[in-house]
Each structure stands twice: as structure tokens, then as C-alpha cells.
Amino acid sequence: MKLHEYEAKEIFKEYGIPVPKSFLLKKGEIKDIDGDVVLKAQVLVGGRGKAGGIIFANKDNFKEKVEELFNKEIKGEKVEKILVEEKLPIKKEYYLAITIDRLSKKPVIIFSTEGGVDIEEFPDEKIVKYYVDIKKPFLPYIGREIAKDMNVDVRIGDIIYKLYKIFKDLDATLVEINPLVITENNQIYAADAVIILDDDANFRHNYKKFEDYKEVKPYSYVELDGDIAVIGNGAGLTLATMDLIYNLGKKPACFLDVGGGANREVIKDALRTVLKNKNVKGIFINILGGITKCDEVAKGIVEILKENPNIKFVVRLTGTNEEEGWKILEENNIPYFLDMQEAGKKIVKLVE
Ligand code: GDP
Ligand code: MN
């Protein structure tokens with residue numbers, strides 16, 4: 001997940017990396033300003049500046065410029081938020097990033113004295129790389145030594161240290177400052193900020209608080225244009241169930257593979273997802289339990305049916321813990337099938 005610039009800069013601030021003074025405007029909001037500012041569209045596209053997403057404004061034309069930017073689409077993305085920043089008098093732009101180098105399997109610090117433009121456009125000889133030994137603690141002096149090696153301001157060494165801390169603390173796959181600027185009055189700022197987080201590390205963090213967080217569903221779901229929802233475990237069985245529906249002259253409303261080892265919560269979530277599709281007239285649940293346990297599946301089905309007593313559905317349930325699963329279904333007067341052909345015929349009849 002890529003963070004918005006304003007979110008990344010909040011994190012920079014927490015870690016003591018200097019960022020320009022700023023405030024955020026949501027669509028429809030306006031404020032008074034004085035002095036010169038930069039308006040920065042908060043869209044998650046690369047090359048935002050070149051695509052018209054960065055414009056300069058002053059106190060006289062501020063409102064018009066804000067409106068102009070809100071009415072733009074940047075590479076197809078609508079502008080919902082603008083970060084308004086004090087305009088810096090830039091003297092020098094650098095590039096600084098930390099990512100993982102797959103070949104050496106180490107974090108790599110990438111620095112260039114030619115910041116501002118896309119990294120792809122830098123001449124190779126203008127890029128320096130430092131590979132991090134993760135077995136040793138990354139102490140402040142390491143940042144300072146890198147800066148000394150590169151013959152740049154020691155404050156950049158301090159920023160390298162803090163940026164590495166963010167990279168590590170947040171489980172980022174990329175942290176980037178482009179440009180890192182020195183101003184006419186010799187101050188240093190992260191003028192731009194990119195943080196990409198590793199979605200697989202979400203369990204260690206609280207990525208939910210970020211704007212673009214999307215829950216990764218533990219199943220695969222593809223909506224289709226028929227009216228019988230197909231839920232199976234394993235892509236092969238789910239596809240075979242869809243074929244069965246086609247062969248019986250009907251069309252599936254979806255492909256939903258709950259995957260291996262789905263517990264009752266996953267089954268419930270899958271059923272809720274399917275029920276949101278207004279075209280669905282009936283549901284075919286086809287489970288051949290291996291690492292998926294039939295009793296867990298049955299418990300999930302029972303709970304959803306209590307919430308939605310009128311849905312038309314069939315369950316084919318067999319495999320691991322089938323006896324326990326059948327018992328749960330029987331106790332709740334839910335019929336089930338062992339044979340998927342028969343289950344298919346039944347659901348087709350029910351929706352006709
Ligand atoms: P990007 O296109 O998404 O990478 O957006 P950036 O935030 O990096 O801005 C693009 C370019 O706009 C920078 O490389 C700068 O040259 C310029 N820019 C951004 N902020 C300022 C500023 O405060 N002052 C000046 N003079 N230029 C700026
Ligand atoms: Mn940039």
C-alpha cells in the first residue's frame with residue numbers, strides 16, 4: 001500500500017525529518033493564506049508534477065488555483081485532497097531512497113546529487129548505493145559516515161538515519177525523498193515523501209488508519225452475470241461447480257473460492273459478499289473438506305441462514321469432520337448433499 005504524501009510527511013515529522021509547513025484541504029474547503037505556496041494534488045500516481053498535479057499559487061490567486069487543481073484529473077485520478085505547502089526557495093535538489101535489493105537481499109540506501117527528476121532518468125554515475133548489514137544496529141554514526149563519504153551536508157546523514165528507522169519500524173518496501181532540498185537560506189527539507197508499506201506485514205501494524213487501506217480478503221471473488229452464486233473450496237472445485245451450473249442450463253453469479261482451511265468467519269464473510277449481489281437468486285456451496293473442516297463450514301452457514309432465512313441455497317458438504325458438519329446442519333434443519341450433481345439439479349430447480 002502506497003501512502004499519500006500528507007500521510008508520509010506526518011510520519012516524517014514524528015521521526016524528526018524536517019518537512020515544509022503545510023495544511024490539507026479537502027474538496028470544497030478553502031482557507032486564507034499569505035505568501036507563496038505549492039498546491040500538491042494528493043493522488044497516488046508517479047510523475048504527478050509533470051502531469052499537472054503540482055502548481056504554485058500566491059495569496060491573490062489562491063482560491064482560483066485551488067479550484068483549478070480540484071477540477072483536474074491527474075493521470076485519470078480525481079483530486080480529493082490538496083496539500084498546501086509553503087513554497088521553498090530551492091537551491092539544491094537531492095534524491096534519497098531506501099528499498100530492498102533482491103539480489104543481495106539487503107536494504108539499500110540510494111542517493112543522488114541530481115534529485116527532482118525521476119530516478120530512471122538519472123545517469124548511473126550520479127547514483128550511489130549503500131547496502132545495509134541488518135545484523136548490526138543502524139546507528140546514527142552510520143548515516144553520518146555515508147554523508148561524509150558522499151561529501152554532502154552532515155544533516156543529510158541524520159536524515160538517512162531517521163529514514164532508515166521509518167523503513168524498518170513500519171515494514172516499508174520503499175521510502176523515498178525526491179527531492180530532498182537545501183534552500184537558499186541553507187535549510188534542509190523533505191519536499192516530497194513516498195512510503196510504500198508491505199501489505200503482508202499488516203498483522204504487525206495498524207495500517208488500517210491509512211487512507212487507502214483495503215482489507216485483503218482471504219478468498220478470491222469474481223462477480224459474473226448469472227444468478228446462481230457458486231462458493232467452493234479450491235479453484236478447481238469452484239470452476240467444476242460453475243461448469244455444472246452451465247451444463248444444467250443456468251449461469252453462475254460469481255466465482256468464489258474460499259481457499260484452503262476456511263474457518264466459519266471466512267465462510268460467513270464469503271456468504272455476505274455473495275448476498276450483496278442483487279442478481280443472486282440462489283447459492284450453491286460446494287465443499288470437499290481437506291484442510292477445510294466441514295463443521296466450521298456448517299457453523300458459518302447456520303449463522304448466516306439465521307440472519308437470512310429466505311435465501312435459496314444448497315450445500316454439498318463432504319470430507320474432513322463431515323459427521324460433525326452434518327450433525328450441525330441437521331440440528332438446524334438444513335438439508336445437504338454428498339453428490340454435487342444432485343445439489344446442482346436442486347439449486348437450478350429452486351431458482352426456476
Ligand atoms: P512529484 O512530481 O509527485 O514527484 O512531486 P514533487 O513533490 O516531487 O514536486 C515536483 C517538483 O516540483 C519538485 O521536484 C520541485 O522541483 C518542485 N517543487 C515542489 N515543491 C516546491 C517548492 O516548495 N518550491 C519550489 N521552488 N519547487 C517545488
Ligand atoms: Mn517527487
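**Exercise 1. How many aromatic pairs does the structure hold, and how is the pair of Tyr 207 and Phe 210 arranged?**

*Solution.* Step 1: the structure holds five aromatic pairs. Rings of Phe, Tyr and Trp (its six-membered ring) pair if their centres lie within 6.5 Å; planes under 30 degrees apart are stacked, over 60 edge-to-face, and the rest tilted.

Step 2: the rings of Tyr 207 and Phe 210 are 6.4 Å apart, centre to centre, with 45 degrees between the planes, and this pair is tilted.

Step 3: Tyr 207 has 1% relative accessibility and so counts as buried; Phe 210, at 10%, is buried as well. Buried means under 20% relative accessible area, exposed over 50%, and partly exposed in between (1.4 Å probe, protein chains only).

Step 4: elsewhere, ring pairs link Phe 138, Tyr 164 and Phe 167 into a cluster.

A word on the model: it is predicted, so local features need pLDDT of at least 70 and side-chain atom pairs count only at pLDDT 80 or more, while totals for chains, interfaces and linings use all residues. Residues are numbered from 1 along each chain as its sequence is written, chains are lettered from A and ligands numbered from 1 in the order in which they are written, and side-chain values use heavy atoms, leaving out hydrogens and water.

**Exercise 2. Find the protein donors of the manganese ion (ligand 2).**

*Solution.* Step 1: look for donors, which are N, O and S atoms within 2.8 Å of the metal (3.2 Å for Na, K and Ca); water is not among the atoms, so sites may look incomplete.

Step 2: Asn 178 (O) and Asp 192 (OD) are the protein donors, 2.1 to 2.2 Å from the ion.

Step 3: Asn 178 sits in strand β10 (residues 172-183) and Asp 192 in the loop between β11 (188-190) and β12 (194-197), so the two tie together parts 14 residues apart in sequence. Strands (E, at least two residues) are DSSP runs, numbered from the N terminus.

Step 4: Asn 178 and Asp 192 are both buried.

**Exercise 3. Which atoms of Lys 40, Leu 88 and Asn 178 lie close to an oxygen atom of ligand 1?**

*Solution.* Step 1: for Lys 40, a side-chain N or O atom is 2.7 Å from an oxygen atom of ligand 1.

Step 2: Leu 88 uses a backbone N or O atom, at 2.9 Å.

Step 3: Asn 178 also has a backbone N or O atom there, 3.1 Å from an oxygen atom of ligand 1.

Methods. Helix = DSSP H or I, 4+ residues; strand = E, 2+ residues; numbered from the N terminus. Polar contact = N/O pair within 3.5 Å; in protein donor to acceptor, adjacent residues only side chain to side chain.
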